[in-house]
Amino acid sequence: MSTPVSRPSAAIRVISGLFHQPYVWAIVALLLLLVVNLTKNPAYLGVSVNAATGNLSGNVIDILRASAPIMMIAVGMTLVIATRGIDLSVGSVMAVAGAVSMEFMRNTGTGSFGTAAVAVLLALGISALLGTLNGILVSIVGLQPFITTLVMMLAGRGLAKVITSGQNTSATNEPFRWIANGTILGFPVVFVIAVLIVAVLAALVRRTALGLMIESIGINPKAARMAGIRPVGILISVYIVSAVLAGVAGIFSTASVMTVEVAKTGMTAEMDAILAVVIGGTSLAGGKFSLTGSIIGALLIATLDKTIVYMSIPSSATPAFKAVVIVIICLLQSPRVRSMFNRRRTRVITARKETVPA
Amino acid sequence: MAPTSRFRAFTGLALAGTLAFSLVACSSGSDEPAASGDDGGELTTVGFVAVGPEGGWRTANEQNIQDAFSKENGFDLKYAPSSNGDQNSQITAFTSFIDEGVDAILLSATEATGWEDVLERAQEAEIPVVLLDRGIEPNDESLYTSRIAPDNVGISASAAEWANEQFPDGANYVVLEGPPGLSVVNDRNKGWDEAVADNLTKLESQSANWSTEEAKSVFETMLKANGNDIQLVFAQNDEMGLGAALAVEEAGLIPGTDVKIITIDGTQAALEALAAGRLSFVAEYNPLFGDDAIEVVNAALAGEDVESSIVVPSTTFDSPEAATAALPDRQY
């Protein structure tokens, strides 16, 4: 008797718990977008095996593949934002990582696995270096994160141009191409790698005290320091993680076409990352963060991009649309707007109370 | 209240006056060195407001201009690429060239609109402006000396005529455009739409920002949205066409057989792809017109009449053989 009673209550608890999550509206929006696509073609969600290539093929697979780079930068951005910082340099770091790997593979010329591995390591290495610079400037020198990473955004794009001497650089290397275009058990490799990285990171942050330390720095740096947390090390490592993940995203997006376009790779990627983070319910004011929320945010952005093309809506308006969404969400998060809403609600309630006796 | 507000108004006026005075002082001060520079040097100073890294075509074009306007040919070229295609950075460079008092300005505008004010300023300063490649909108020919460019309308019309021949029984096609608002994009659309046959059905047109990566992602979705029933792609530059070819291969179709891809520009990468059969038609948009630009600048400085529009001749490549033959001495 007891099991059938407890099962629905557990399900209800899960659902009601979900409704208390800050990212519930992101899930709703994601479902809405899918419904919009389904109205155009009822078979939108269908996944089939492509006869010619033997891979799974379908719109959902495309969305998963497109979401992988956004997921990477969004997760890094979440940690940075949780410390009350921001990382505007992710897009440029993507370009630098892509430029380094493409330039290296073009010059070494062998299409071997070893070349691809060295290219990946080089790209991640230089990304980590740029992240370390960001971290040192923010934590030790004490510069504002906004200014520091804005400078890095401009410098990084310039660095990418220097590395490739201003040219769009292509290379051929099958293992490297496989990262973005290959499949594991039918699933896109990029998505599998992204999920693995996020899982490791989430375990690191949530199974240890690291996540709490990051949040405490974001909530009150002074109190955190008094409680024995050393902010310098944590800040530097957070910026390094963000930059390395941006490097991974850069590898993903250049490997998909085996070309780095120095003026376009990772362009406005920081916008997508911030958007994914705020959609996921992490406050731009720092403190509590939600990795799950940011991942859902990244999926939402990828779905939005794909939906716009699928519905044949001119894609030139997309950036404006994203900007409007950010502004609305930031407004909803701002304490002043919230208190305004609360005041109105309480006034309505008190008004009702007054009318009832009369 | 009244005296304080009057006092405030007075100080405001006084401040504005001082500011205006100092501005006048500044500009008269900066005029002098520029004028003396003109007397001393034999080199003709030319400011080049350029686009900067964008793709193979742009690199070839800007390199060609820089090579042509060399010291040996009697020019001192000041190259000012935009920061990531931002029009504001171009306008800033343009005005600083006017303030420097250069002899002539070459302009490749990233966006077609919004140039009236600075062009008028150049006119007041009697600096001839030569538009390279991209035009301005509205196209007021009194604002500039001349525009040198290949004929975008004609080039995309020739691409459309090839498509008409290839698909006498009709086909479905899509267009991959550059960023909206550019004169190139408008002209390439115009030439294509005017010349394309009625039995070719345009399914949709979408911007992929000249980018391979975006074009791949966009065309992958277009294929899905139309159930792979697309026989022709009109990509407005080589990079986007190459991206579309990748998407076609990814979908398990064969470019050239299942989907024919037309691109414009004719860079080396596109000709290699055409030779390999991944693209089907490449219309050249000739970037090498540095020598024409020198002629125009010299004529304008000598006070001669210059034609307001100069068309650079371009060719087309419609087969792998034509591409293979042209590849060895391709400069870009």
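The model is a predicted one. Chain B holds 11 helices and 12 strands, and 47% of its 332 residues count as buried. When contacts in chain B between residues at least 6 apart in sequence are considered, 77% of them join residues at least 24 apart.

**Where the chains meet**

- The contact between the chains takes 29 residues from chain A and 28 residues from chain B.
- On the side of chain A that touches chain B, the elements giving two or more residues are α3 (59-82), α6 (145-163), α11 (231-257) and α13 of chain A.
- By class, that side of chain A divides into eight nonpolar, 15 polar and six charged residues.

**Domains of chain A**

- The domain assignment divides chain A into domain 1 (54-313) and domain 2 (316-349), and the centres of domain 1 of chain A and domain 2 of chain A, taken over C-alpha atoms, are separated by 28 Å.
- In the contact between these domains, 10 residues come from domain 1 of chain A and eight residues from domain 2 of chain A.
- On the side of domain 1 of chain A that touches domain 2 of chain A, α12 (269-279) and α13 (291-310) of chain A each supply at least two residues, and the largest share, five residues, comes from α12(A).
- That side of domain 1 of chain A has seven nonpolar, two polar and one charged residues.

**Domains of chain B**

**The six-stranded sheet of chain B**

- An open sheet of six strands in chain B has the order β7-β6-β8-β9-β10-β12, and the pairing within this sheet is mixed.
- At the edges stand β7 (200-207) and β12 (316-317) of chain B, each with a single partner strand, so one side of each is left without a neighbour in the sheet.
- Strand β8 (residues 232-235) of chain B runs parallel to strand β9 (residues 260-265) of chain B, and four bridges join the two; in this pairing, F234(B) has I262(B) in β9(B) as its bridge partner.
- Four bridges also join β9(B) to β10(B), and these strands run parallel, with D265(B) standing opposite E284(B) in β10(B).
- In a regular strand the side chains alternate between the two faces of the sheet.
- Both faces of β10(B) are covered, for F281(B) and A283(B) on one side and V282(B) and E284(B) on the other are all buried.
- Helix α5 (residues 152-166) of chain B lies across β7, β8, β9, β10 (281-284) and β12 of chain B, and runs at about 165° to β9(B).

**One residue in the sheet: T263(B)**

- T263(B) lies in strand β9 of chain B, and this residue counts as buried because 31 C-beta neighbours lie inside 10 Å, where 20 or more are needed.
- Leaving aside residues up to four places away in sequence, T263(B) touches A235(B), N237(B), D238(B), G241(B), A270(B), L279(B) and V282(B).
- Although T263(B) and F281(B) are 18 residues apart along the chain, their C-alpha atoms are separated by 6.4 Å.

- α7(B) is mostly covered, with 14 of its 14 residues buried, and just after α7(B), G227(B) takes a positive phi of about 55°.
- Helix α4 (residues 90-108) of chain A has 19 residues and reaches 27 Å from its first C-alpha to its last, which is close to the 27 Å expected at 1.5 Å a residue.
- α4(A) is also mostly covered, with 16 of its 19 residues buried, and just after α4(A), G109(A) takes a positive phi of about 80°.

Definitions and conventions:
Residues numbered from 1 in each chain as written. Chains lettered and ligands numbered in written order. Predicted model: local features only at pLDDT ≥ 70, side-chain atom pairs only at ≥ 80, totals over all residues. Pairing = 2+ DSSP bridges. Contact = placed C-beta atoms within 7 Å. Axes fitted to C-alpha atoms, helices over the stretch in contact; angles between N-to-C directions. Buried ≥ 20, exposed ≤ 12 C-beta atoms within 10 Å, placed from the backbone. Domains from an automatic or database assignment. Nonpolar A, V, L, I, M, F, W, Y, C, P; charged D, E, K, R; others polar. Expected span 1.5 Å × (residues − 1).
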